[in-house]
Each structure stands twice: as structure tokens, then as C-alpha cells.
Amino acid sequence: MAIKQISVFVENKPGRLAEITELLAKNNIDIRALSIADTTDFGILRLIVNDPESTVQILKNDGMTVSATEVLGVAIPDVPGGFAKAIRTITDKGISLEYAYAFITPKSGSAYVIIRVENNELATEALNDAGIKIIEQGDIF
Amino acid sequence: MFFQKEIETMNRKDMAALQLERLKWTVDYCYKNVPFYTKRLDEAGVTADKIKSLEDIKYIPVTTKADLRDNYPFGLFAKPMKDIVRIHASSGTTGKPTVVGYTKNDLNMWSDCVARIVMAAGATADDIVQISFGYGMFTGALGLHYGLEKIGASVVPNSSGNTEKALMFMRDFGTTALVATPSYALYMSEIAKELDYPMSDYKIRLGLFGSEGCTPEMRTQIEKAWGLFATDNYGMSELVGPGVSGECEERCGLHFNEDYFYPEIVDSETLEPLAEGEAGELVVTTLCKEGIPLLRYRTRDITRITYEPCKCGRTSARMDKVIGRSDDMLKIRGVNVFPSQIESTLIGSEKIGANYQLVVRREGFADTLEVKVELVDGSILESYQDVERLQNSLKHKLQTVLGIQCKLSLVEPKSLQRFSGKAQRVLDLRNENK
């Protein structure tokens with residue numbers, strides 16, 4: 001149902017992001033989506049990858065602070081108002097949204113949005129009722 | 001309880017008179033028997049008869065650990081080997097070991113000192129005491145050993161190591177008191193919990209801890225694990241070993257054995273005496289030692305001393321637990337900062353690692369302090385607010401303890417490790433060119 005997202009604590013220093021992504025590349029990890037939010041000191045890198053379990057292991061073995069959580073992936077028709085509708089559906093249910101980031105894949109005409117909400121089950125139900133498609137790990141690789 | 005009540009409760013005036021008499025004796029004795037001191041005292045123009053009051057001690061040059069090393073092994077001994085009956089040495093982890101020698105009188109004085117502090121801590125002749133310090137060149141084990149025998153306690157000289165066997169003896173003997181480093185006492189409790197015996201099989205009621213610092217948090221942890229009453233004692237091999245000072249049951253400072261050791265608190269940079277209650281470096285002069293007397297020995301330990309009488313009835317000077325070492329003290333915007341203060345503030349947060357680093361910079365005319373800690377708990381990464389909350393709460397705690405503003409940075413695990421896996425605790429960039 002949900003998609004596994006990896007969060008990595010990254011210090012703000014030159015080349016650090018390159019090092020981390022190179023490490024993943026060396027291990028044949030395919031990154032489908034990512035988001036990075038930062039302050040002046042540190043950032044949190046969030047990744048959607050083809051093999052979340054191995055990714056966690058690879059990063060942990062390298063000594064990094066990592067966590068894995070389940071997030072929702074939503075397929076949104078690539079038309080004006082598509083995203084707004086999805087968000088409205090969730091917020092109307094009183095579910096708060098922590099963060100979201102979008103990506104596209106070559107496969108379909110939809111845009112994909114990863115959303116992190118406080119309650120995955122409730123949000124899934126609401127989106128299903130509204131006829132908005134929830135994607136799974138298999139849909140994006 | 002007292003071991004030598006008359007001395008321990010002596011009024012301040014009589015104590016000062018006794019100290020002055022003994023100080024004069026020590027200066028004269030050093031001058032006549034230790035060539036190193038003959039030269040030093042001549043250079044400073046100090047002789048015993050020039051010392052009219054205890055304040056005059058400030059004219060005597062200080063002695064340092066380097067002086068002991070330069071005179072390795074026996075250069076500062078004031079007695080020939082036929083009068084020396086015991087030799088101890090420091091571990092020498094920071095260089096050549098420092099070697100000390102004791103005459104028969106010294107050993108007797110030393111065991112009196114220890115007898116006083118263990119009785120002040122609540123030990124009695126009925127106690128069965130296990131000594132879990134390592135025996136050997138280290139003064140800790142034998143120091144406590146003879147002092148405890150002197151009060152009539154039953155001493156179990158178990159030494160350190162083979163923890164399971166030590167625990168077996170503790171259960172089978174009904175051992176009531178434990179001599180150890182705080183960290184070993186904690187380690188023993190962890191092993192004890194893994195064994196198939198309930199903690200109620202152990203009768204330990206009193207802990208006589210020393211030879212390393214102990215934060216209040218750690219002390220509480222040890223007391224809870226064993227159900228004991230923990231006390232601290234202080235000393236160093238150069239001065240005698242354990243027995244220089246120790247806590248009484250009131251636990252409001254460590255009572256100094258002032259008739260044998262004269263304490264001063266000085267500014268570690270200028271060596272000027274500081275007012276009562278101010279924190280500074282502890283400097284100690286031995287007052288009766290024959291084997292290796294020391295004049296104004298710089299302990300490098302930072303503490304405070306008060307002369308207020310204690311509820312326990314003792315009138316002796318009381319020193320605080322050691323706050324830090326003058327060697328690694330940092331002066332930031334005029335405030336003394338010790339890495340140990342930061343360590344004890346950070347300990348206990350499971351979200352961060354054991355390593356930390358202090359970076360001191362000069363920006364314009366102001367010093368800035370940045371404290372770097374490693375974030376190890378991934379579970380808080382889900383929410384930005386949680387990470388920032390952690391950062392703010394650590395920063396707030398540090399600022400409260402240190403009394404100065406600082407910046408707290410979260411860094412990746414292992415990023416603070418340096419050569420041979422040992423973290424470089426302090427990075428002082430104030431005198432570097434930008």
C-alpha cells in the first residue's frame with residue numbers, strides 16, 4: 001500500500017551529498033525521487049529507491065544516521081488543480097500534512113507526489129473515496 | 001563518626017597554628033634534604049624563619065608534575081633508601097611515571113588519613129569491605145586497604161578483574177562496602193543483573209568511590225543499582241594517594257586532612273591566591289611527609305574550598321568535587337569552561353553519541369563557542385521540528401551550565417573522530433590566521 005521512504009541526516013558541507021549519492025550508485029541503488037530540506041547546518045535527505053532495505057543497510061554501514069518510514073504516493077492527473085484536489089481531500093479530513101514532494105516517471109502521463117501525513121490509513125481511505133489513485137512501490141520502478 | 005575527633009574538630013585558630021609550625025618544618029626539611037628545593041628556595045630567597053604566617057606561603061615557588069618527572073625516579077626523595085619502606089608510581093599515561101617513596105611514619109600518617117575519611121563516610125569496624133581497585137604500583141588499593149584495616153573493618157583485597165568471582169564473594173561473604181572507581185561499580189552492577197542471583201543477595205550498603213570523577217547522574221545510577229550510599233574521596237599519588245580529602249555522610253564537600261595537607265586555591269594562570277569560595281586550581285603543600293615532601297604542588301584540579309563548619313561537626317576545609325583540569329580549561333569571554341562540564345550535560349541523551357567537540361573562534365573581538373554533537377538517533381528525522389527541538393534543548397542545557405552563549409551543531413556520526421579513533425575534544429582557533 002504505502003511506499004518506503006529513507007531519511008538521511010546530512011551535514012551541510014561541500015561534497016557531502018555527492019558522496020552519499022555516489023555510494024548509492026556504486027551499490028546499484030536506483031533513486032526515483034528525492035527531496036532535501038536544509039537549514040544552515042544540516043539537511044535531511046529523503047529518498048525513494050528501488051531497494052529500501054539494502055539502502056538503509058548501506059548507509060548505516062557507512063555510519064550515517066538513517067530512518068525508514070512509510071509515506072503515501074499519489075498519482076495526480078497532469079492538469080491544473082490536480083494536486084489541489086488531493087490536498088483538499090486530506091485536509092478536509094483534518095489530517096495534517098508534514099511535507100510533500102513531486103516527481104514524474106517516464107511510464108505514464110501522471111505526476112506523482114509523495115506525501116507524508118500524520119495518519120497513513122485515514123489519508124488512504126480519504127483519497128480512495130475521492131477516486132485519487134494511490135501508487136505502490138511497484139508502480140514506479 | 002570520628003577516627004581522631006580532636007584533630008577533625010579542632011578550632012580554626014589552633015589548626016592554623018599547627019599548620020604554620022608544620023609548614024616551617026617542611027620548608028626547612030626540604031631545604032636541608034632535597035637539592036632541588038635547596039636551589040629553588042635559594043633562588044626565591046625563602047627560608048623557614050622568613051615564614052611568619054600562613055599567607056607567606058605565596059612566596060614559596062610552586063612544584064609541578066614536570067619537576068617530579070625531571071627528577072625521575074628518586075631525585076625528590078628526602079630520605080635515603082634505608083628509610084624508605086614503600087615505593088609507588090603513577091600510571092604514566094601522559095609521560096614518564098612519577099615515583100613516590102614512603103617512610104614508616106608516612107605510611108602511618110597515610111593510613112590515619114584514610115581511616116578518617118572512611119569513618120566520615122560511614123564505614124565501621126563491622127563492615128566487610130571489598131577493594132576492587134587494582135593492586136600494584138597504583139596507590140588507590142593499598143591506601144584504602146591499610147586505612148580500612150586501621151578502623152577494624154574486614155578487608156577483602158579482591159583487586160579488579162574477574163568480576164563474576166568478585167560478585168560471588170560479595171554474595172557469599174555478605175560484603176557491606178565497596179571500594180572501586182564509579183565506572184567499575186556501575187559495570188559490576190550490570191554484570192550482577194545478568195547473573196541468576198537477585199540483587200537482594202548483595203548486602204552492599206556503602207560505596208567508597210574515587211580515583212576518577214563521578215557526575216551526579218552517574219552517582220544516582222550507582223546508588224539505585226546497588227541500593228547503596230555513595231561517597232567520594234580524593235587524593236593523588238604525588239601527595240600520598242587516597243586520603244587527602246573525603247566526603248562525610250552529609251555529602252556537602254570533601255573534608256581536607258588539613259593537619260597533613262595545606263590547601264590553597266589559586267588562579268591557574270597568574271598563581272595569585274583566590275578568595276574563599278572562588279573556583280581555581282588546587283595547590284597542596286604536604287605538612288608532615290618525610291619520604292617525598294612537596295611544596296605547593298600544582299594538582300591541576302580545579303575546585304573551590306569553603307571553611308564553614310560542617311553539620312557533621314568537622315571544622316576542616318571542604319573542597320567541592322573537582323570541576324575540571326586546569327590543563328584543559330578554556331577561557332571564553334572571561335568565563336572558565338571545562339570540557340567535563342559539557343560532557344556531564346550531554347550524557348544521558350540517547351539521541352546523541354558519546355563524542356563531542358568544542359570549537360572556539362574569535363569573530364571580531366568576541367569569542368564564540370560552538371559545541372558539535374553527533375546525531376545518532378534516526379527516528380527523529382521524520383520531523384524537522386523534532387530535530388530542531390533537540391538542538392534547542394541541548395543548547396539551552398549547555399548555556400545554563402556554562403553560563404555563556406553557545407551554538408549547538410548536530411553533525412553526522414563518526415565525523416568527530418580523529419586519529420586512532422580518539423576524538424579531539426577542543427579546537428581552539430582563536431589564534432589562527434583567518
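Modeller: A salt bridge here is a side-chain nitrogen of Lys or Arg within 4 Å of a carboxyl oxygen of Asp or Glu. By that rule, two salt bridges cross the interface of chain B and chain A. One that I can name joins the side chains of A:Arg16 and B:Glu412, at 2.6 Å from N to O. Some housekeeping: this is a predicted model, where local features need pLDDT of at least 70 and side-chain atom pairs count only at pLDDT 80 or more, while totals for chains, interfaces and linings use all residues. Residues are numbered from 1 along each chain as its sequence is written, chains are lettered from A and ligands numbered from 1 in the order in which they are written, and side-chain values use heavy atoms, with hydrogens and water left out.

Now the area. Chain B and chain A bury about 1,700 Å² between them, and carbon and sulfur atoms give 52% of that (buried area is the accessible area, with a 1.4 Å probe, that two parts lose on being put together, summed over both). On the chain B side, B:Glu382, B:Tyr384 and B:Glu412 supply 44% of what that chain buries against chain A, more than any other three residues. In terms of contact (heavy atoms within 4.5 Å), chain A puts in 26 residues and chain B 21 residues.

Polar contacts come next: pairs of N or O atoms within 3.5 Å, where within protein one must be able to donate a hydrogen and the other to accept it, and residues adjacent in sequence count only if both atoms are side-chain atoms. Between chain B and chain A, eleven residue pairs are in polar contact, with both residues at pLDDT 80 or more. Which elements of chain B give two or more residues to the side that touches chain A? They are α11 (384–402) and β20 (407–411) (helices, H or I with at least four residues, and strands, E with at least two, are DSSP runs numbered from the N terminus). β20(B) gives the largest share of that side, five residues. By type, the chain B side divides into nine nonpolar, six polar and six charged residues, where Ala, Val, Leu, Ile, Met, Phe, Trp, Tyr, Cys and Pro count as nonpolar, Asp, Glu, Lys and Arg as charged, and the others, Gly among them, as polar.

Staying with α11 of chain B, have a look at B:Gln399, which sits in that helix. With a relative accessible area of 18%, B:Gln399 is buried (buried is under 20%, exposed over 50%, partly exposed in between, with a 1.4 Å probe and protein chains only). Leaving out residues up to four places away in sequence, B:Gln399 touches B:Ile404, B:Gln405 and B:Cys406. A polar atom of the B:Gln399 side chain lies 2.9 Å from the backbone nitrogen of B:Cys406.

In α2 (residues 52–61), the buried residues are A:Pro52, A:Thr55, A:Val56, A:Ile58 and A:Leu59. These cover an arc of only 165° around the axis, so they fall on the same side of α2(A) (the arc is that of the directions from the helix axis to the C-beta atoms). A:Glu53 and A:Asn61 are exposed on the face turned away from the buried side. The cover over the buried residues of α2(A) includes β1 (3–11), α1 (16–26), β3 (42–49) and β4 (66–76) of chain A. Just past α2(A), A:Gly63 has a positive phi of about 90°.

The other helix is α4 of chain A (residues 120–129), with A:Asn120, A:Ala123, A:Thr124, A:Ala126 and A:Leu127 buried. Here too the arc is only 165° around the axis, which puts them on the same side of α4(A). A:Glu121 and A:Asp129 are exposed on the other side. Among the elements covering the buried residues of α4(A) are β4 and β6 (111–117) of chain A. At the start of α4(A), a side-chain oxygen of A:Asn119 comes within 3.1 Å of the backbone nitrogen of A:Glu121. After α4(A) comes A:Gly131, with a positive phi near 75°.

B:Tyr72 and B:Pro73 are joined by a cis peptide bond, omega about -5°, and B:Pro73 lies in the loop between α4 (65–70) and β1 (86–89) of chain B. B:Arg251, in the loop between β8 (241–247) and β9 (254–256) of chain B, has a positive phi near 50° without being glycine.
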